[in-house]
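Work through these exercises with the sequence and model at hand. Each task is followed by a worked solution.

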Amino acid sequence: MILITVTALLIVTGIGSYVFVTFHPVFGGKADETQKAEYQKSNQYQNGIFENQIETDMSMDFMEMLKMMPEFLSRPPEREPDFELPVEKIDSISITTAPDGTTQLTWFGHSAFLMTIEGKKVLIDPMFGESPSPISFMGSKRYSKELPIEIEQLPEIDLVLFSHDHYDHLDYPSVTKLKSKVKQWFVPLGLENHLTKWGVEASKIKTFDWWDETEYMGLKLACTPARHFSGRGLGDRFSTLWASWVIQSDSSRIFFSGDSGYGPHFKEIGKKYGPFDFAMMECGQYNEKWDNIHMMPEETIQAGLDINTGRLMPIHWGAFTLAMHSWTDPVERALKASKQTELEIIVPKIGETFNAVKPEIEGQFWWEKP
């Protein structure tokens, strides 16, 4: 009887999991055969999947994963702050009245930004949810109790840029709340299917391959390479492209790395589009087991030198615990590594709005416990 009951529970659980993964909208949409035929034109699309520019080993056998699980699940206290993080509040008036001819940035933690550039309002990887997981109560929780501004308070957004489709960058609840406010969405190949699944009008979405360029509302944008991967559900790894972005106006040139392991693409980007006034560079959620797809802080500094930027902001930290290092390790190691260079490292508080070309940041060590 016990065996029958256990077997029945396993069957029900398996069926429930399959139904959830197959039909819940959080997992996004999939490309049809016509779209896949179009992807064949991309140098990055081979044998039905997108690939990195150079060989990127992502193999980790089952035994290695088992060895890491106790350490990952132990959750020592240094992996998240034990005090309330300072969060600067902004409002829609301050966003819409940014000085002409300036590029202002506001960090929401992790890799999410609001940029006002030449009067245009741009959101970058706007993950505003509480947890980067398809099941919110099972994922890491956001450190800060509140955002600099709630989605409902945001003014109309001219453009949203996404780097890739992982949950800590592309958030289903955030998109559903934002879609009525956004004029245009720029995404790497394949990611458009998630947005249309969630009710975004296809006419408002423009897709990009690496090195594609466009002009929009007086801005010049380029979709550039990254060394990473994609996927939101079972069996869809590498089904959409991942990318970095170059955003250029008459007065500034900005680089956003997205998620990326270190590679030769940084020098290529720097040669083609540099020098940059400001760069937001991945620096967090790393481990030596997956260093092909996430940079160590020292590599982040080297990547900043490769792209030829004068100012660098470490991102992909300060919001969630997705790796086994302490929550302040990224910024501490990045600052230490930068001392051997002429790079200016910018570390604003969450919600602190600053001029990307002439940043004046207060509270440089806000991550230290008061």
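**Exercise 1.** Which residues does N52 touch, not counting residues up to four places away in sequence?

*Solution.* Start with the ground rules. This is a predicted model, with local features needing pLDDT of at least 70, side-chain atom pairs counting only at pLDDT 80 or more, and totals for chains, interfaces and linings using all residues. Residues are numbered from 1 along each chain as its sequence is written, and side-chain values use heavy atoms, leaving out hydrogens and water.

Step 1. Find N52 in the loop between β2 (49–50) and α3 (62–74). Helices (H or I, at least four residues) and strands (E, at least two) are DSSP runs, numbered from the N terminus.

Step 2. List the contacts (heavy atoms within 4.5 Å). They are W210, A226, R227, H228 and W242.

**Exercise 2.** Is N52 buried or exposed?

*Solution.* Buried means under 20% relative accessible area, exposed over 50%, partly exposed in between (1.4 Å probe, protein chains only). N52 has 16%, so N52 is buried.

**Exercise 3.** Which residues are linked with K121 in a network of salt bridges?

*Solution.* A salt bridge puts a side-chain nitrogen of Lys or Arg within 4 Å of a carboxyl oxygen of Asp or Glu.

Step 1. Take D158 and K121, which pair at 3.8 Å, N to O. They sit 37 residues apart, K121 in strand β5 (120–124) and D158 in the loop between β5 and β6 (159–161). Both are buried.

Step 2. E156 is partly exposed at 48%; K183 is partly exposed at 33%.

Step 3. Join them: E156, D158 and K183 are in the network with K121.
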